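Student: I would like to understand the terms that are applied to this model. Could we go through them one at a time, setting each value against its definition?

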Amino acid sequence: MIRFVVRRLLLLIPILFGLSILLFIWVRALPGGPATALLGERATPERIAQINKAYGFDKPMITQYLTYMKRVTRFDFGQSITLRKDVTAELVRRFPATIELSMAAMLFAVGVGIPLGFMAAKRERTWFDYGAVTASLIGVSIPVFFLGQILKWVFALKLNWLPTIGRLAPTRELVHHTNFNVVDSLLAIDGGALWDAIKHLILPGIALGTIPLAIIARITRASVLEVLNDDYVRTARAKGLRTSTVNRVHVLRNSMLPIVTVIGLQTGLLLSGAVLTETVFAWGGMGQLIAGAVLDKDYPVIQGGVMFLAIVFVLVNLVVDVLYAFIDPRIRVS
Amino acid sequence: MSVLTRRQRADQLDDPDVANSLTREAWRRIRQNPLAIVGGTIIVFFVLIAVFAPMLAPFNPRSNAWFDQIRPTSIPGPSRDHWFGLDEGGRDELSRLIFGARASLMIGVLSLGIGAVAGAFFGLVAGAFGGWVDSLIMRLTDILLAVPSLLLALSVAAVIGQSQTAIVVAVAVPNIPLFARMLRSSMLGERQKDYVTSATSVGVRRRSLVMRHVVPNSLAPMLVQASLALSTAIIDAAALSFLGLGSADPGVPEWGRMLANTTRLLNVAPHLAIFPGVAILITALGFNLFGEAVREALDPKLRR
């Protein structure tokens, strides 16, 4: 088991190495170089030379690459051009916000998706089933940024039940130890702050969780349908087990493998892809940081952010592979 | 499949097209699938709108002739003259939606087309040559697949700058490794099959073996992937334009951007968010339904 994990971790090194080379080339492949792109219409020869000097773009390519690699291996992406802050520190500071949002979204997606898919499978070819299938098709077709706005309009602006943007009410004071608002408010034993943080999580969580919800429900339905027709389920029923026991021990457990896979893959995507939801709800996580950096052509942030999120993405996928082995003894043995 | 009478079976044997029955069978399945009919209708509807946009749109989508009716606290909603109301710049919303269909469909189809063709090319080269060429291409796809697709698209668009071309390229790039891997792996699968061995043994040359036998037989999964990926391409393109990466000219109607512009105005004019959003939703749904039907038709495992 440990050997498997170590081998997979070692395989990640060439991938990340290759990605860093691609990012290096990509930014320098611009017509006129990064300085021109950065300055846009404000570009004058003097300012371009100034920027090139400041960021080392005037040095020979190979020197640039060596300095770049030396810094990347230390996970130093330099200063953000627009925020004038250390990129890595900023990424780390904002990451908890993104994790918190992704967890809320996953909680919603799993909590609704698995029961929905399960019930649809148990009632195959009924109106409930057709309804669930249709709903999940709509769920994967709805643009996140549209859903987010509609939720905001209905539940925040019209009904005034939930806050529109941000992670905490602006007036609330909370000491940040971990930057996870839920954890920090628990540490401070502040019930009001906890409730406030949760209220802020609901709408973005639903918006971000809808696509994974639809996918999880579909996979659960398909997987349960397959297991329901298996012989051991019939045997379990025939030997007089209660329906709930059959469902829990035989049906759900055996249909878990594809479900866990898809949950893992979606978690990786959420952690790295909350760009749109964070923008709609002004969440202040990594996604919003990167979306802003893309518009401002803040290359250090883009380079650092893409590397950081790619690492998170591949690590989460690795965890999924390891989880497989725990769930399915067949994989563990081979 | 139901049991055929002897007469039907004889007819079928006489039918010269039976040799081509995989495609015909798939097409028959698609036509009989209600998902395909609903999805297809939606697609045809939006394609027609996009094609005939100049004839269908009541006004010029860029004309802001009604700007004097726009107030910070009120924007006229649907009326007799403007069925879908006015937008925040005093332009006719319906005309913008109609021309927006053009931009959205074109960007979606173009970017998927470029991604699929480029991906197929790399997959073909990898599958046909094998060896170090194959390893090199596969390691490159590993790298691209390590970055989630929207993030990859964003970083590509960041470099190219604000334009519709940027969106097309940005949405195309994440599709390249997917299609490359898919074509390669289905080519490898086909290579094991008996017909390849027999073709080799009768002396068919390598190039015609690959191009005339292996590739055509490996295309089915590509087709499925392409039909399902179209809806993602359209949504992702709208997402990039929502984030502000589309054309730098605000007069150009794009659904994603129309939605972005109205974020501040949700309370004043919710219709401006609802119309383009629903348009993206329905188009994506149409492609998803149709893609699902194509998958059911071509995937033997799903046949009942």
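Student: In which helix do Asp231(A) and Arg234(A) both lie, and how many residues apart are they?

Tutor: Both belong to helix H10 of chain A, residues 231-238, where they stand 3 residues apart, about one turn of the helix; helices (H or I, at least four residues) and strands (E, at least two) are DSSP runs, numbered from the N terminus. Before going on, note that this is a predicted model, in which local features need pLDDT of at least 70 and side-chain atom pairs count only at pLDDT 80 or more, while totals for chains, interfaces and linings use all residues. Residues are numbered from 1 along each chain as its sequence is written, chains are lettered from A and ligands numbered from 1 in the order in which they are written, and side-chain values use heavy atoms, with hydrogens and water left out.

Student: What makes the meeting of Asp231(A) and Arg234(A) a salt bridge?

Tutor: The term asks for a side-chain nitrogen of Lys or Arg within 4 Å of a carboxyl oxygen of Asp or Glu. Between Asp231(A) and Arg234(A) the N to O distance is 2.7 Å, so the pair meets the definition.

Student: Why is Arg234(A) called exposed?

Tutor: Its relative accessible area is 54%, and the scale calls a residue buried under 20%, exposed over 50% and partly exposed in between (1.4 Å probe, protein chains only). Arg234(A) is therefore exposed.

Student: What can be said of Arg94(A) and Glu90(A), and are they buried or exposed?

Tutor: Their side chains meet in a salt bridge of 2.9 Å, N to O, and, being 4 residues apart in helix H5 of chain A, they are separated by about one helical turn. Arg94(A) has a relative accessible area of 16% and is therefore buried, and Glu90(A), at 7%, is buried as well.

Student: Which salt bridge lies between chain B and chain A, and where are its partners?

Tutor: The count between chain B and chain A is 1 salt bridge, and the side chains of Arg218(A) and Glu292(B) meet in a salt bridge at 3.0 Å, N to O. The pair crosses from helix H9 (residues 191-228) of chain A to helix H13 (residues 271-298) of chain B. Arg218(A), at 31% relative accessibility, counts as partly exposed, whereas Glu292(B), at 8%, is buried.

Student: How much area is buried between chain B and chain A?

Tutor: About 3,700 Å² is buried there, of which carbon and sulfur atoms give 78%; buried area is the accessible area (1.4 Å probe) that two parts lose on being put together, summed over both. In terms of contact, meaning heavy atoms within 4.5 Å, 43 residues of chain B touch 40 residues of chain A.

Student: Why is the pair of Phe95(A) and Phe308(A) called edge-to-face?

Tutor: Rings of Phe, Tyr and Trp (its six-membered ring) pair if their centres lie within 6.5 Å, and planes under 30 degrees apart count as stacked, over 60 as edge-to-face and the rest as tilted. By this rule there are 12 aromatic pairs over all chains. The centres of Phe95(A) and Phe308(A) are 5.0 Å apart and their planes stand at 80°, so this pair is edge-to-face. The pair links distant parts of the chain, with Phe95(A) in helix H5 (residues 87-122) and Phe308(A) in helix H14 (residues 299-327) of chain A, 213 residues apart. Phe95(A) is buried at 14% relative accessible area, and Phe308(A) is buried at 13%.

Student: Which residues do ring pairs link into a cluster?

Tutor: The cluster consists of Phe75(A), Phe77(A), Phe95(A) and Phe308(A).

Student: How do you know that the charged end of Arg123(A) sits over the ring of Phe128(A)?

Tutor: The rule requires NZ of Lys or CZ of Arg within 6 Å of the ring centre and within 35 degrees of the ring normal. The charged end of Arg123(A) is 5.6 Å from the centre of the Phe128(A) ring and is placed over that ring. Lys152(A) likewise lies over the face of Phe281(A), at 5.9 Å from the ring centre.
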